[in-house]
Amino acid sequence: MKGLFKRGGLVLGVAVALIGVVGTITYAQNVTRSEGFALQVSPATLVDTVKPGQKKTLDLRIENQSINRETLQIQLREFNVDKKTGEIDMLDTEPVGVGEWVTFSDPVFTLDSGEAMKQEISVDLPQETGFAYSFAVVISRTSESVAERGTTLSGSVAVFALINVDRPGATRSFEITDVSVPGVLEYLPADIDITFYNSGNTFVQPAGNVFIQRGSDDNVPIATIPVNDKKGYLFPDTPRTMTASWNEGFPVYKSVTDADGQQRQELVWDWSKISDFRIGHYVAKVVAVYDDGERDIPVVREVSFWVIPWRIILFVMAVVVVLGIGFTTIWRNTHGVVKRKLKKNTKS
Amino acid sequence: MKTHHAQHIKLTPFAVAVAFTFSVIASMLLITGKANAVALEEVMVRFDNITVNTATTGTVCASTPSSVTETEVHVTFPTGYSLGAAGTFTVSTTNLSWPSGAAAWPGINTATAVNSQEVTFPSTTLTPDTLYCFNWTNSAAVTTQGSASSTNTGSVETYIAGPTLQDSTEFVTQTVNDGTIDVTATVPQAFSFALSANTDPLGSLSTGSVTESPTPRTVTINTNAQFGWMVWAREDATAGLASTSASYALDSTAGVADTLSPGTEGYITGVSDSQGGGTGTITVAAAFDYDGADDGAGLDNTLRTLASSDGTADTAVLTIRNQAAISGITPAATDYSDTITFTGAGIF
């Protein structure tokens with residue numbers, strides 16, 4: 001019995017060792033260490049709501065994914081969102097005043113290859129504040145060994161921070177300024193572009209659905225798709241266009257990556273989804289919702305479009321014409337033979 | 001036969017007259033029956049939470065054109081909404097962001113009956129053309145339906161003693177699958193950025209050819225950030241590929257597309273892209289887009305967008321090609337150098 005336990009322990013030990021080795025190999029396969037600068041940060045964006053006078057800590061995990069030991073620094077940086085294009089302009093300047101109430105647990109830190117750390121970002125808003133703040137924290141090397149000849153390449157990673165301030169006067173609201181979709185499509189997807197305008201003074205995350213239906217007042221939609229499935233944010237006093245895609249069709253265009261790593265659209269014929277064949281007039285009714293702090297506020301807007309699979313229609317018409325000609329020819333020939341035989345029989 | 005025909009002709013005007021009389025009487029009866037059931041001037045039934053299958057409080061508002069003595073108000077909730085017992089329909093007349101000018105509903109109190117979807121509340125006389133509101137304050141009273149829809153129809157009706165229907169109007173509300181989310185939590189997304197090496201030696205430049213990075217360096221992005229990522233680049237404070245000893249710099253206009261030619265001075269950065277997988281489509285900024293013909297754009301010490309993507313990325317690779325060309329009068333030196341900083345971030 002004792003021997004059995006011993007043998008069992010040995011087997012267990014080997015198994016644990018094997019699992020450890022396999023686990024290590026798997027991990028090593030997942031993370032390819034770079035010879036240059038390589039960092040992973042999580043979360044990719046810091047979002048929170050804070051109250052004036054209340055200290056809050058946001059955690060940022062930073063992992064060194066290079067083969068080198070790195071001495072890094074974390075700094076505040078400013079960025080702007082273009083009010084027309086929505087593009088983000090990163091600036092190399094510190095945001096005015098933010099440094100007085102945002103501090104880092106480790107402004108300078110060292111990470112060995114593969115090592116991760118938790119950076120605590122303290123937000124300690126004064127009593128007199130605005131309603132929403134946005135800034136970036138940028139992690140870079142403290143110093144770069146500059147090559148005497150040629151080009152030195154330096155890397156850095158930015159993490160955007162969106163801070164809503166929960167104080168009297170903070171308002172959440174948005175409008176839908178436009179809903180657009182190509183008027184006529186041959187096949188799905190139908191990409192419904194919804195342009196929001198944040199008319200409040202805090203960051204807002206639109207929710208809700210786009211209802212695809214035949215008529216405006218249908219109470220059972222053909223399809224229900226999320227308005228903001230990517231969970232994006234609207235900046236105060238700024239428009240932003242989000243796209244809701246209706247892709248339950250047959251056939252349907254799908255994005256595929258070719259061998260060169262380039263993306264292209266490919267028409268996919270999944271016969272199990274033949275019931276999703278789309279043709280005719282449709283209405284995309286957007287019901288976007290925000291919480292104004294007391295209740296859901298729905299904002300409704302709609303647009304109509306056509307799906308006309310004209311190549312399929314032409315093909316079906318061509319088949320019908322060919323079949324029609326074929327049947328006519330067969331009928332004429334058969335009818336002619338019968339007629340001739342009847343004539344012959346009558347004569348004889 | 002002739003007689004029958006004559007009788008038929010004689011009977012026809014009589015039949016027409018009788019039919020006309022009956023139709024007039026029937027119309028009058030119908031009109032009389034609905035004489036008082038005119039539409040309420042303004043009706044609003046607002047649900048505080050419109051997410052499917054959610055218990056909710058809400059507000060009812062209406063304005064009547066009739067000068068009568070109302071005794072009840074009936075609210076018929078849309079089919080599919082679950083209602084509690086009459087006793088759960090407790091009410092308040094606190095102004096919870098009611099429409100401008102609305103007054104407390106006179107005589108309103110806890111519901112007295114729930115029949116199918118119809119809830120009966122007591123009421124007293126309503127002044128014509130005045131908007132009255134009340135709130136049902138117990139979320140146990142109403143639970144939204146289980147399916148999302150843009151058109152859920154109900155009605156509000158006022159009754160006089162009898163009870164006899166006085167005024168009636170339908171309302172429409174919505175339910176959504178993807179309800180509102182408070183901006184309170186960090187999004188657990190990760191962003192990783194890897195620069196393949198920290199140097200890009202261009203070697204000796206010659207007037208006979210454009211010199212390009214012998215081993216182009218790469219920036220590799222992996223992220224589950226749903227809105228994608230951006231990469232910016234900037235040079236150090238000294239513009240271009242500069243020599244301290246010669247006090248000279250090779251440079252091209254920042255952010256402007258350029259194609260280098262042998263014998264003509266210039267220094268540009270070109271970017272090409274590929275991606276292993278992910279939902280994002282990479283867009284290289286037009287000026288920096290490298291198509292294999294010694295092209296790209298100059299940089300300066302302002303962060304300029306090199307590339308962006310609109311979705312997740314599995315091994316999204318930007319290949320960076322720094323290119324330089326000299327002329328016959330470019331000062332000779334061995335210390336032509338530059339530092340380029342690349343910054344990457346996940347988008348919110």
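## A walk from one proline to the whole assembly

Select Pro122(B): this residue is partly exposed, with 15 other C-beta atoms within 10 Å. (Buried takes 20 or more other C-beta atoms within 10 Å of a residue's own, exposed 12 or fewer, and partly exposed is in between; C-beta atoms are placed from the backbone.) You're looking at a predicted model, where local features need pLDDT of at least 70, side-chain atom pairs count only at pLDDT 80 or more, and totals for chains, interfaces and linings use all residues. Residues are numbered from 1 along each chain as its sequence is written, while chains are lettered from A and ligands numbered from 1 in the order in which they are written.

**Stop 1: around Pro122(B)**

**Stop 2: strand S9 of chain B**

Which residues of S9(B) are on its covered face, and which on its uncovered one? Val119(B) and Phe121(B) make up the covered face, while Glu118(B), Thr120(B) and Pro122(B) are on the uncovered one.

**Stop 3**

(Two strands pair if DSSP finds at least two bridges between them.) Here Asn115(B) stands opposite Glu118(B). The two strands form a hairpin with two residues between them, and Ser116(B) in the turn has a positive phi of about 55 degrees.

Next, select strand S4 of chain B, residues 70–76, which pairs with S9(B) in the antiparallel sense over five bridges.

**Stop 4: the whole sheet**

Zoom out to the open sheet of five strands, in the order S8-S9-S4-S12-S13 (chain B), with antiparallel pairing. Why is one side of S8 and of S13 left without a neighbour in the sheet? Strand S8 (113–115) and strand S13 (164–175) of chain B stand at the edges and each has a single partner strand, so one side of each has no neighbour there.

**Stop 5: domains**

Colour chain B by domain: domain 1 is 42–175 and domain 2 is 191–346. (The bounds come from an automatic or database domain assignment.) Their C-alpha centres lie 64 Å apart. In chain A, domain 1 is 31–143 + 155–165 and domain 2 is 174–310, with C-alpha centres 33 Å apart. Seven residues of domain 1 of chain A are in contact with nine residues of domain 2 of chain A.

**Stop 6: where the chains meet**

Show both chains: 76 residues of chain A are in contact with 69 residues of chain B. On the side of chain A that touches chain B, strand S11 (residues 150–165) of chain A gives the most, with 13 residues.

Finish with strand S1 (residues 38–42) of chain A and strand S14 (residues 191–195) of chain B, which pair in the antiparallel sense over four bridges. Gln40(A) has Ser192(B) as its bridge partner in S14(B).

Terms used. Contact = placed C-beta atoms within 7 Å.
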